[in-house]
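Biologist: Please show me the model. I have some questions about its layout and its ligand.

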Amino acid sequence: QTAKFLKDYRAPEYLIERVDLCFDVFDGHTAVTAVMRVLPQTGAGAMRLHGSAELLGISVDGRRLPESAYRLANEVLTLDGTPAQPFELTVQTKLYPHDNTTLMGLYQSGGNLYTQCEPEGFRKITFHPDRPDVMSIYTTEIRADKARFPVLLANGNRTDGGDLPNGRHFAVWHDPFAKPSYLFALVAGDLSCTRDSFRAADGREIAIEFYTRAADADKVAFAVQSLKHAMKWDESRFGLVYDLDIYMVVAVGDFNMGAMENKGLNIFNTKYVLADARTATDADFDGVESVIAHEYFHNWTGNRVTCRDWFQLSLKEGLTVFRDQEFSADRNSRAVRRIHNAAFLRRHQFPEDAGPMAHPIRPASYVEMNNFYTMTVYEKGAEVVRMYHTLLGEDGFQKGMKLYFQRHDGQAVTCDDFRAAMADANGVDLSQFALWYSQAGTPVLDVSGSLRDNGDYVLRVRQTVPPTPDMVEKQPMMMPLKTALLDENGDAVRFRLPENGADTAETVLLLTEAEQEFVLQGVNRAVTPSLLRGFSAPVRLNFPYTDQQLALLLAHDDDPFARWEAGQTLYRRAVAANETALADNAPLPDHAALFAALEHVVRADIDPAFKAVLLTPPAEEELWRASDIDPVRLHHAREALLDALARHFAEDWLPLNLQAKTAEEALPDCYAYSPEAAAWRSLRNLCRSMMLRAAPAEQLEYVFEHYDEMAQNMSHEWGLLNAVNHIDDPRRDALLARFAEKFADQALVLDKYFALIACSRRADTPQCVREALSHPAFAPTNPNKVRALLGTFARNHLHLHAADGAGYRFIAERVRETDVLNPQTAADLVRAAFSLCCRLEPHRRALMKSELEKLAALPELSKDTREIVEKILA
Ligand code: HT7
Ligand code: ZN
């Protein structure tokens with residue numbers, strides 16, 4: 001496999017000023033003509049273009065080239081003897097979108113045509129440099145049968161259209177902004193359009209158009225409103241105004257990821273557009289709002305200023321995730337959002353940073369770029385951007401953004417350009433901060449504290465960045481450590497900072513060295529430090545807290561993250577104690593300290609969503625140790641803790657549930673989505689699952705009898721079904737079957753049905769998942785279905801890690817089948833199921849390795865899947 005390296009980057013030898021595309025859509029194929037105005041750069045060698053489409057012909061300045069004038073090998077077309085002066089290159093290709101199951105390039109879904117070009121899909125359409133630093137003005141003409149394809153869309157503004165002979169018609173779209181090929185998009189089909197508009201800050205009326213299947217048109221209203229909120233927010237918080245006259249969003253059921261920010265023509269997975277209270281949970285609404293916002297924010301951070309090369313992906317993704325997180329924080333409870341962000345990162349990105357796929361947010365090399373749309377690039381990338389914000393403050397950060405756009409609007413740039421804008425706008429030296437872009441691995445902070453005789457409190461911080469497969473020796477990084485102190489009553493203690501004598505209750509300590517000492521003056525009493533407030537850096541932090549100190553923080557810390565984290569540490573200790581007891585065949589501990597600390601939480605008068613997260617222990621993935629993991633034992637240890645928690649507070653769940661129900665029902669339009677209603681429902685669903693654990697037989701009977709009146713919307717249904725899903729009882733099967741029947745015509749709800757089957761702890765789950773493969777609604781070509789059934793099973797650690805290796809064999813078989821259809825989805829499945837290999841205990845490691853070796857031995861394995869398999873095996 002040939003890797004590409006960041007160090008090998010060279011500026012393009014040929015720029016392309018204009019691309020004029022014509023798509024002629026026919027029944028069995030689509031013919032594409034690309035006319036490109038090429039600008040050779042000084043000293044350019046032979047022109048090399050990427051392409052994998054069927055090539056029909058090439059012309060230079062209108063003269064067709066004989067086959068001897070070019071060579072095509074390994075999907076690279078080399079043209080000899082092209083002019084040294086600007087010239088016009090015409091390329092004709094023929095595409096077969098109905099055969100394209102990769103969902104990259106031009107493909108067919110439900111009879112309509114869609115494109116996906118990021119990162120390297122444009123080369124499946126025509127021959128082109130297909131790299132993000134070649135930016136051009138695009139004009140696109142589409143011709144198709146008018147009855148079958150009444151809607152013809154591409155980027156930019158529609159400039160022409162009309163009828164053609166033989167029942168055909170055409171449309172011409174022109175995008176006045178230069179863009180890289182990955183932002184090109186086209187849609188042709190029979191779609192229903194929902195229209196709205198937005199009055200921009202500069203007074204222009206922007207047309208908004210959402211395209212869906214006609215049957216889904218009643219589910220786009222929330223997404224349209226979300227877009228308008230995002231447009232307004234970007235104007236008020238970032239001063240960024242939309243630039244075209246129209247913004248279009250198209251929803252498609254077959255899609256590899258969440259959505260795509262193509263200029264003026266976003267294409268979305270239906271999952272992130274369609275939502276109504278009957279079919280979507282509160283979490284789904286939330287997902288729609290943030291993904292709609294994310295893609296919209298890309299218009300500036302990604303499209304107007306784009307990436308020089310794919311190694312810089314986090315330049316646009318980390319920054320845009322940070323922006324969408326801030327949008328969601330401004331629209332919802334900031335505290336709970338931050339906790340969700342931190343928990344998500346720890347559950348999904350920390351394991352990536354501790355495994356075979358570890359890479360810095362700017363990878364140094366890749367084989368298949370599709371494999372680098374990772375938790376690290378996106379989520380850790382967003383945390384890196386957030387650290388600029390924490391270090392510079394909102395004003396300083398906004399100054400940096402302003403300078404970034406002033407310097408780079410219309411350009412393809414690097415992460416260093418972003419860092420330079422932040423540093424220069426604020427007159428600070430951020431050169432050490434560059435290490436966040438080149439060093440992988442989650443830094444560990446070992447902190448200790450002591451009170452000196454003179455009343456100063458000293459914090460000692462030791463920073464280590466663990467070795468990763470790509471790099472062993474690491475340097476200390478620059479990062480903010482937000483800190484406060486609590487006294488024995490949990491009240492904030494003020495202190496002085498030695499550098500300027502300022503009196504404060506909170507400070508941001510700047511870490512730059514492997515070992516540092518920070519003196520907080522005038523403390524004069526015993527304190528408990530509140531550290532890493534707001535999750536100020538994406539690190540693991542150890543401090544030798546006593547259980548009492550953690551209970552104090554959990555009860556009183558005024559920083560919601562630090563308060564939550566104290567509880568999480570207590571939970572971690574409790575699960576570890578359970579694990580030891582299970583390993584020793586000893587009785588389980590009683591967790592008295594934890595439960596005593598949680599009494600305050602159960603009774604506290606706080607935001608219900610905050611209460612729900614405080615009452616939730618870390619996910620299994622957050623609890624994995626560095627090596628020798630027995631995922632099944634850990635699963636049982638965590639489940640035993642949840643059972644004990646459910647029993648300990650058995651008297652409390654019902655009143656808490658009733659309080660939440662009453663509060664929810666007092667809200668206007670209470671079963672519709674709103675942040676307030678969602679917060680109450682999250683507490684309700686937690687109570688419901690605890691009640692089911694504490695008294696399964698009685699509760700199952702109750703749910704079974706009253707399901708219809710209890711299930712007023714999808715969040716209720718989801719909460720109820722998740723709670724009963726693990727019970728081995730025919731009534732659970734009946735509830736699931738009724739659910740599938742009720743929503744038989746709703747593809748997105750059937751994904752939930754498949755996920756329920758696959759995440760169950762019931763012994764028959766492996767068998768049920770296998771049977772679900774032949775369910776009429778399951779389609780191996782549909783990534784949503786594969787993710788719902790197989791992706792969920794790959795995260796069901798109880799069953800995936802079955803001691804006889806059956807779970808591994810099952811997933812390996814599915815990977816083989818999926819890989820021939822959609823390599824990207826297959827590679828994701830391998831990553832989800834097998835990344836833990838080298839950290840497993842020896843028996844399971846050997847079983848998993850043997851499945852990976854069998855996959856590696858397949859000569860026909862895709863580049864995508866092979867890269868992941870080989871990295872895990874390395
Ligand atoms: N920029 C997009 C990333 C992307 C993608 C989207 C759909 C299908 C395949 C894709 N490959 C890469 C999504 C985003 O981050 O906004
Ligand atoms: Zn993005």
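Modeller: The protein divides into domain 1 (1-190), domain 2 (192-300), domain 3 (306-438), domain 4 (444-544) and domain 5 (743-874). These bounds come from an automatic or database domain assignment. This is a predicted model: local features need pLDDT of at least 70, side-chain atom pairs count only at pLDDT 80 or more, and totals for chains, interfaces and linings use all residues. Residues are numbered from 1 along each chain as its sequence is written, with chains lettered from A and ligands numbered from 1 in the order written.

Biologist: Ligand 1 lies between which domains?

Modeller: Look at who supplies the shell, where a residue counts as near if its C-beta atom, placed from the backbone, lies within 6 Å. Of 13 residues around ligand 1, those that come nearest are Gln116, Glu118, Asn256, Met257 and Met260. Both domains in question give residues to the shell, so ligand 1 lies between domain 1 (1-190) and domain 2 (192-300).

Biologist: What radius of gyration does the protein have?

Modeller: The radius is taken over C-alpha atoms, and the globule rule is 2.2 Å times the number of residues to the power 0.38. For 874 residues, a compact globule would be near 29 Å; the protein agrees, with 28 Å.

Biologist: What share of the 874 residues is buried?

Modeller: Buried means 20 or more other C-beta atoms within 10 Å of the residue's own, with C-beta atoms placed from the backbone. Under that cut-off, buried residues make up 49%.

Biologist: How far apart are the C-alpha centres of domain 4 and domain 5?

Modeller: Domain 4 spans 444-544 and domain 5 spans 743-874. Their C-alpha centres are separated by 42 Å.

Terms used
Buried ≥ 20, exposed ≤ 12 C-beta atoms within 10 Å, placed from the backbone.
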